[in-house]
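User: I'm new to this one, so please walk me through it piece by piece.

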Amino acid sequence: MEHEARVLRLAGGFGRARCLLAAASWLPCVALGLALGSELLLTALPAHHCGSDPARAPSTCLPLSYPESVTRAGSDGARPCLRGWYYAQPAADLLRSPVTQRNLVCEDGWKVPLEQVDHLLGRLLGCVLLGLGCDWFGRRAVFVGSLVLATGLGVGEALVASFPALLTLRLLRGGALAGASLALYVARLELCDPPNRLAFSMGAGLFSVVGTLLLPGLALLAQDWQLLQGLSALATGLLLLFWGAGCAVRGTPPAPAPLSPGAPAHTRHLEERTHPGLQFLCIPPRLISGGIRASFLHSLVPSEPSFYWPYFLAAGLEAAATVFLLLTADLWGRRSVLLLSTLVLVLASQLLLAGAQYLPSWMVLFLSVLGLLASQTVSALSSLFSAEIFPTVIRGAGLGLVLGAGFLGQAAVPLTTMHGRHGFFLQHVLFASFALLTLLCVLLLPESRGRTLPQSLQEADRLCRSPLLRGCPRQDLLPLLPASLPGAGTQLAQEG
């Protein structure tokens, strides 16, 4: 039996105490879901037009439909709004948001996708850097440190007075929240035995969806984005109570005694000659599923949608994808379900790309919902898959790269919005084309269902050896000269 199983047996196995500890790790997911989902509320654009109150600060532009002298019209058909902007109703139950507070509309509208890219970049850097920190300093240390940073930065966001300062704080807080989520995910996975890893990982996903669904209600009570950020910071501060919730330490499976930062588990892998490669094939599915999701939403609601319809639809489909994985990933296997979900994603995207103008509306609706469900499934399963096949010594860094790829794909949408959505169709074409290549990546992945987590790079190399190449020997087993004839080489040379 492998080392992980022996340690779990010596520690009492996955008994009632560890089961309760793993279930308790679901509770922080609610607060993290609240904090990570606030980006959509803060950047929601309400219905607006030029106001009639001369006391409001003047904005920079006015749509051409408003009366104004022709000589003051700009080259882009926009005219200055000297009467200020009037916002008809809150877009996400917030009477006051960064958009309405700083009039981020019209010529200043590019600042909204800039803030979205900034936040996604922070989450990407947080996954990569703090994932590496999980391997060097331990899961618990990164989890606690990230929560402390997220709480302090959340308070700073509630008190911020300028837009550049808001960008900086959103960047840093996004990274801190991503690091806390990653550390908790890895710690929970290492706490569970193979038969229970899927159930507890998907349970955490459902609790994160609960936090996402509770966020609009909290915004309705707060009605001010700064108060909402303060409540979010309070929630992450309360998570510090869970600092000892079974977070495993760097380089070891879950064990009663943590290792010190100088443990030899990190130097050992530098001496090994094998290097993991197939584990990184989990990156393309996560990248494509994160980027193509907006294409399905655009096909579902081509006009400017309300806030609640896509928000609750995405949350509901995420919950449905989690339940689907809970029912099938142990029954059919990780790779089979990931391959099926990727195939559905490819087919839905290709059909919408080729025949959206010719298909009936009900078919477009069906393909869009099916594509969104498949993308959510691929995202969730690629995270679990990569965490199970990366060895313990680099699990945090490897999972951080996979999660960061998803945020990189999501960043393509606001980047397109900054250019007036002129390249949205090209973006759909690129993601739909690369989705075909992800099928090949999934075929090369190993099956991790029911297997213990690899501890070293050598164990990961044996686990991740491609099933397509498993029958091919690495070297020729028939040497030219048998080893039992030491003089054969000399004799052959003399005869030549």
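Analyst: Let's start with Gln-223, which is partly exposed at 34% relative accessibility (buried is under 20% relative accessible area, exposed is over 50%, and partly exposed is in between, with a 1.4 Å probe and protein chains only). Before going on: this is a predicted model, where local features need pLDDT of at least 70 and side-chain atom pairs pLDDT 80 or more, while totals for chains, interfaces and linings use all residues. Residues are numbered from 1 along each chain as its sequence is written, and side-chain values use heavy atoms, without hydrogens or water.

User: Where is Gln-223, and what is its phi?

Analyst: Gln-223 sits in the loop between H8 and helix H9, which covers 225–238 (helices are DSSP runs of H or I with at least four residues, numbered from the N terminus). Its phi is positive, about 60 degrees, although Gln-223 is not a glycine.

User: What about Asn-103, buried or exposed?

Analyst: Asn-103 counts as buried because its relative accessibility is 13%. It belongs to the loop between H4 and H5. Asn-103 is not a glycine, yet its phi is positive, at about 50 degrees.

User: New topic. How many cavities of 30 Å³ or more turn up?

Analyst: The search of the whole structure gives 1. A cavity here is a set of points on a 1 Å grid over the protein atoms alone where a 1.4 Å probe fits but cannot get out, and lining residues have an atom within 4 Å of a point. Grid points are joined across faces, edges and corners, and the volume is the space filled by probe spheres set on them.

User: What volume does the largest cavity have, and which residues line it?

Analyst: The largest cavity holds about 80 Å³ of space. Its lining consists of Leu-42, Thr-43, Pro-98, Val-99, Leu-104, Val-112, Glu-115, Phe-163, Leu-166, Arg-170 and Trp-225. Helix H4 (98–101), helix H5 (111–137) and helix H7 (163–191) are the elements that each give two or more residues to that lining.

User: Which element gives the largest share?

Analyst: H7 does, with 3 residues.

User: How do the lining residues divide by type?

Analyst: The lining has 8 nonpolar, 1 polar and 2 charged residues. Ala, Val, Leu, Ile, Met, Phe, Trp, Tyr, Cys and Pro count as nonpolar, Asp, Glu, Lys and Arg as charged, and the others, Gly among them, as polar.

User: I see Glu-115 and Arg-170 in the lining. What do their side chains do?

Analyst: They meet in a salt bridge, 3.0 Å from N to O (a side-chain nitrogen of Lys or Arg within 4 Å of a carboxyl oxygen of Asp or Glu). Glu-115 is in helix H5 and Arg-170 in helix H7, 55 residues apart, so to speak a link between distant parts of the chain. Both Glu-115 and Arg-170 are buried. They also belong to a network of salt bridges with Glu-39 and Glu-157.

User: How many salt bridges are there in the structure?

Analyst: There are 10. One of them joins the side chains of Arg-197 and Glu-388, at 3.0 Å from N to O. Arg-197 lies in helix H8 (residues 197–222) and Glu-388 in helix H14 (residues 361–389), so this pair ties together parts 191 residues apart in sequence.

User: Are those two ends buried or exposed?

Analyst: Arg-197 counts as buried at 0% relative accessibility, and Glu-388 counts as buried at 1%. Asp-135 and Arg-139 also meet in a salt bridge, 3.0 Å from N to O. Asp-135 is buried at 2% relative accessible area, and Arg-139 is buried at 0%.

User: On to the surface. Which residues form a nonpolar patch?

Analyst: Leu-426, Leu-430, Phe-434, Leu-437, Leu-440 and Leu-443 do, with about 580 Å² of accessible area together. Patch residues have over 30% relative accessible area and no salt bridge, and nonpolar side chains (Val, Leu, Ile, Met, Phe, Trp, Tyr) are joined within 5 Å, like charges within 9 Å. The areas come from the Shrake-Rupley method with a 1.4 Å probe, and only the protein chains shown count as cover for residues. Leu-443 lies in helix H17 (residues 424–444) and is partly exposed at 39%.

User: Where is Trp-332?

Analyst: Trp-332 is in helix H12 (residues 308–332), and it is partly exposed, with 44% relative accessible area. Its C-alpha atom is 9.0 Å from that of Arg-449, 117 residues apart along the chain.

User: And Gly-396, where is that?

Analyst: Gly-396 is in helix H15 (residues 395–410) and is buried, at 0% relative accessible area. Gly-396 and Leu-129 are 267 residues apart in sequence, with 9.4 Å between their C-alpha atoms.

Note on methods:
1 Å grid on protein atoms, 1.4 Å probe; cavity = no way out; pocket = protein on both sides within 12 Å on 5 of 7 lines; lining within 4 Å.
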